[in-house]
Every structure is written in C-alpha cells, then in structure tokens.
Amino acid sequence: MATDYKFEGWMGESAESADGKMVWKEFEPKKWEENDIDIKVTHSGICGSDLHTLRSGWGATRYPCVVGHEIVGVAVRVGSKAEGNIKVGDIVGVGAQSDSCLGRGPKPCKPCQVDEEPYCINGNINTYGSLHRNGDKAYGGYALYHRAPSHFVVRIPEGLAPEYAAPMLCGGVTVYSPLRHWGVGPGKKVAVAGVGGLGHFAVLFAKALGADEVVGISRRASKRDEALALGCDDYIATEDDADWAAHNAHRFDVIISTVSSAKMPLAEYLTTLALDGSMVQVGAPEEPVPLPVFPLILGRRSLAGSAIGSPKEIREMLQFAADKKVKPLVELRPMADANQAIVDMDAGKARFRYVLVNDN
Ligand code: NAP
Ligand code: ZN
C-alpha cells in the first residue's frame, strides 16, 4: 500500500547544518514492515544530541540526516503485526531509540530480554542517523511524518500534554532512568549538574520522587531564580565561588551530570559526593574526559553512566508525570523556524526545552 502523505523534514547535509543550515527536503523512510507505525508528527523536542549529531561531534554522521528523537504525533498507519495495541488516531511518541535486536540478534542479548533495550549488545538503532535492521536509514522527527518499529512507540497517557510528553521521551527518561536506578527518593540528597533541558527534568523528577534535597549546580549565577522556581532547594553557581566544591564537600548521595563539556570540573563534582555516593554522567562530551582517581578512592565513590531509557521506563515515566502533574518548562517553536531554534539552543537560550510544533 502506498501512502498518500510524503515524508519531508529538515535535512542536515554536512556539519555546517548545525549552524542553522538544515534544508527542507523530501526523504525516503525505511521500507514499510507490518510491525511499523507511521506517525503524523505534531511535536518534536530539540535535544542536545541533535546538535552533536548535526555537527558530527561524536564522529562522522551519516548525512543526509534528519534529527529529532522526542517525537509526538498521531498514529496514521498501524501495521498488522504492530505491538502495543495502538490504533489509528492514537496520540503516540517515539524517543531516541527506534529498534534493537529484541533478543533475536546474532549474539544472545540479555539486556533486550529484560526490558533494557538501550543496552542491546547487538547494537541499538537510534531514531536517526542509524541504519534499521533491514538496512534502511533512520530519519528523525524534525519532519511531517515519522515511521518507527512499533516496539519503540508508546501511547501518550491521558492528562499529559503532547508538548510536555515530547521532550520527556529522550530528555526526561535519560534522567528519570538513573534517578530510579540509583534509588532517588526520601532519604537521598541529589545534585543536578548542568541545568539545561535534561537537567531541568532531573530537578522536576527528583523532587517528584521525594528526594530530601535537590540542588542545581550550574556555571552561571543568572539561572539561579529560574532554578529555584523549578523546585531546586538550593543552587550552586560555580562562577560565583572558586571554592564551591570544598564548601559543598560530602553533601550529595547522587549527582546526575548532564554537562557535555570535556572541561567539566569532574574532580570538584566528585568531591561533593558523600561516602559511597554515585555520580551518573549522562551528558555526552565530544572529547575524552580525564579521570580524577583520588576523589573516587577517598570517598569510596562511584562514577557511572546511563543511556536513555527503555520503552517500559518511558511508559512508567509518562504515567508518573501525568499522576504527579510534572510540569516541564517548554518553549514552543514553529517547525518552520527549526534552523533558528537549533542556533538558539546551541547558544544556551532554551528555558528549558524547545519543542518544534507542526501546524499541519
Ligand atoms: P542542554 O539543554 O544544552 O543542557 C546542557 C547543560 O550543560 C547546559 O544547560 C549547561 O548548563 C551545561 N554545561 C556546562 N558546561 C557546559 C559547556 N562548557 N558548554 C555547554 N553546556 C555546558 O542540553 P541537553 O539536551 O540537556 O543535553 C545534555 C547532554 O546530554 C548532551 O551532551 C546530550 O547529547 C546528552 N544526552 C545524553 C543522553 C544519554 O542517553 N546519556 C540522552 C540525551 C542527551 P549550565 O548553563 O547550567 O551550566
Ligand atoms: Zn536526546
């Protein structure tokens, strides 16, 4: 069956596209398979990863590339073998992962068998920039339509606005997952390093999970009022106090770091962890980061990483957000203005997440 709609979107054709030079083009989505779902995109969040990818910051990007992996829209075509009982007309979403081996890969894959698809050992397939299992290229959500394997499509629960749900699909779950995994809740003191898109979700979710204390650690004093308004109990601006780490030593049980600069003050962050505390790095720098060993040894501290979240965790997070009335701070931008929006995002102007909106 041919579709009566066209797949068009903002195409990055080279590293210069990250400077606001994406071009609007038609593209060929993956070949339709009966476990796929087509989505008419209404909302698409702008994630820091979109910029890394457009500029080939993590290695050569497969251009041409349509980025965007915080996709919400209406299911317009549902394959006969689709999972999840999704019907045409449902409001659905897709995050940063679009496929994995699902336990059927060449190597036996424990993660996929236990709902940990982001850690698929046969190689997870990203919503954009990857090749699907059938060899076709994956294109993301700065577009009119998106085609995704149904295992990675989730229904947006009642009571959660699509513009809130969209940025949760990557930015939200990337911090929700480690907050849950590291047991954040009553009795835990949490710091969030880098109060940007992911960081603001970390503050909102840590508070909603009942952490005793949630503290933003940012470079800039200028974000203090916004961070406190978000729900931070305290705020540390590293530019304000050369001894900020010593002044906050042994304070936190968990740090979620969304910072993506290789020049991040890692030793200082670790110093603020209590005995047996854990720092979880989710920001993904383009350069290697030197490892400060002594702060790890001296406090029996741990340094860990975490990748996005599985469809199961995304569903849990969306329901949690709906039940707890978690209210992200998003700024809606017309899809037509995507180039200006990514330039503004790169300049750190988003408070705290831009969401592109199609008026179709
Ligand atoms: P964002 O909105 O730009 O936030 C990043 C924050 O990092 C900034 O707001 C800034 O906070 C802080 N930062 C500190 N030093 C910086 C520097 N030298 N340059 C730029 N920012 C600096 O981006 P995001 O969407 O939250 O994404 C953050 C990172 O997470 C990106 O690297 C992204 O690729 C990565 N990510 C990882 C995963 C995963 O699975 N692990 C998933 C999604 C995204 P202050 O101004 O408060 O200092
Ligand atoms: Zn992302």
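Donors are N, O and S atoms within 2.8 Å of the metal (3.2 Å for Na, K and Ca); water is not among the atoms, so sites may look incomplete. The model is predicted: local features need pLDDT of at least 70 and side-chain atom pairs count only at pLDDT 80 or more, whereas totals for chains, interfaces and linings use all residues. Residues are numbered from 1 along each chain as its sequence is written, chains are lettered from A and ligands numbered from 1 in the order in which they are written, and side-chain values use heavy atoms, with hydrogens and water left out.

**View 1. Protein donors of the zinc ion (ligand 2).** Cys-47 (SG), His-69 (NE2) and Cys-170 (SG) are the protein donors, at 1.9 to 2.2 Å from the zinc ion. Their spacing in sequence is C-x21-H-x100-C. Cys-47, in the loop between β3 (36-45) and α1, and Cys-170, in helix α3, link distant parts of the chain, 123 residues apart. Helices (H or I, at least four residues) and strands (E, at least two) are DSSP runs, numbered from the N terminus.

**View 2. The shell around ligand 1.** Among the 28 residues around ligand 1, those that come nearest are His-52, Gly-197, Ser-218, Ile-308 and Arg-353; a residue is near a molecule if one of its heavy atoms lies within 4 Å of it. The shell divides into 11 nonpolar, 13 polar and four charged residues. At least two shell residues come from each of α1 (48-54), α3 (162-181) and α4 (197-208), and α1 gives the most, with three.

View 3. For an N or O atom in the side chain of His-52, the distance to a ligand 1 oxygen is 2.7 Å. Gly-48 places a backbone N or O atom 2.8 Å from an oxygen of the ligand. Of the 920 Å² of accessible area that ligand 1 has on its own, the protein covers 82% (Shrake-Rupley method, 1.4 Å probe).

**View 4. Surroundings of Asn-248.** Asn-248 is found in the loop between α6 (244-247) and β13 (252-257). Asn-248 counts as buried because its relative accessibility is 10%. A polar atom of its side chain lies 2.7 Å from the backbone oxygen of Trp-244. Not counting residues up to four places away in sequence, Asn-248 touches Ile-236 and Thr-272, with contact meaning heavy atoms within 4.5 Å.

Notes. A polar contact is a pair of N or O atoms within 3.5 Å; within protein, one must be able to donate a hydrogen and the other to accept it, and residues adjacent in sequence count only if both atoms are side-chain atoms. Ala, Val, Leu, Ile, Met, Phe, Trp, Tyr, Cys and Pro count as nonpolar, Asp, Glu, Lys and Arg as charged, and the others, Gly among them, as polar. Buried means under 20% relative accessible area, exposed over 50%, partly exposed in between (1.4 Å probe, protein chains only).
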